[in-house]
Amino acid sequence: MLAFDFGLKRIGVAVGEWETRCAHPLEVVVEEANERRFARIAALVAEWRPMELVVGLPLSLEGEAHELTRRCRRFANQLHGRFHLPVRLVDERLTSAEAETRLREAGVHGARRRQAMDSLAAQRILQDYFEQSP
């Protein structure tokens, strides 16, 4: 499985397997142009051959949708349309905050923290999906 932490500037990516129910950070896609983003994602789909895709759905702390929620749903629909794979949406509240805390505790700062944070958030999204699924 591949999971995505969608952002307007960066998309964190994680990979995991149902058998182990364990997720790992993979990379961060830093392309701003849509076609280049999807070209990189297509390469990852070809390499990892996932059965399913998971996308973190950004909601307010109260669970309400906002502008980024709409854009994220559009991203999920584009993934489904391009790769013909099931796409699951998972509540991603506080995943970035958790990732930032983990990196700070590990002594990772500055640009390295920003770069790693999105893939760690994607890892948490996928791990949450594994833990919520029967």
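Q: How many aromatic pairs does the structure hold?
A: The structure holds 5 aromatic pairs. Rings of Phe, Tyr and Trp (its six-membered ring) pair if their centres lie within 6.5 Å. This is a predicted model, where local features need pLDDT of at least 70, side-chain atom pairs count only at pLDDT 80 or more, and totals for chains, interfaces and linings use all residues. Residues are numbered from 1 along each chain as its sequence is written, and side-chain values use heavy atoms, with hydrogens and water left out.

Q: Why is the pair of Phe38 and Phe75 called tilted?
A: Planes under 30 degrees apart count as stacked, over 60 as edge-to-face and the rest as tilted. The planes of Phe38 and Phe75 stand at 35 degrees, with ring centres 5.8 Å apart, so the pair is tilted.

Q: What makes this pair a tie between parts apart in sequence?
A: Phe38 belongs to helix H1 and Phe75 to helix H2, so the pair ties together parts that are 37 residues apart in sequence. Helices (H or I, at least four residues) and strands (E, at least two) are DSSP runs, numbered from the N terminus.

Q: Why does Phe38 count as buried?
A: Buried means under 20% relative accessible area (1.4 Å probe, protein chains only). Phe38 has 2%, so Phe38 is buried. Phe75 also has 2% relative accessibility and therefore counts as buried.

Q: Which residues do ring pairs link into a cluster?
A: The cluster consists of Phe4, Phe6, Phe38 and Phe75.

Q: What makes the charged end of Arg82 sit over the ring of Phe38?
A: A charge sits over a ring if NZ of Lys or CZ of Arg is within 6 Å of the ring centre and within 35 degrees of the ring normal. The charged end of Arg82 is 4.0 Å from the centre of the Phe38 ring and sits over it.

Q: Which residues have the most contacts inside the largest nonpolar core?
A: They are Phe4, Ile41, Phe75 and Leu79, in a core of 21 residues. Such a core is a set of buried Ala, Val, Leu, Ile, Met, Phe, Trp, Tyr and Cys residues joined through side-chain atoms within 4.5 Å. H2 gives the most to this core, with 5 residues.

Q: What does Ile41 touch, not counting residues up to four places away in sequence?
A: Ile41 touches Phe4, Ile11, Phe75, Leu79 and Phe83. Contact means heavy atoms within 4.5 Å.

Q: Which residues does the second, separate core include?
A: Ala14, Ala122, Ile125 and Leu126 are among its 11 residues.

How values were computed. Buried means under 20% relative accessible area, exposed over 50%, partly exposed in between (1.4 Å probe, protein chains only).
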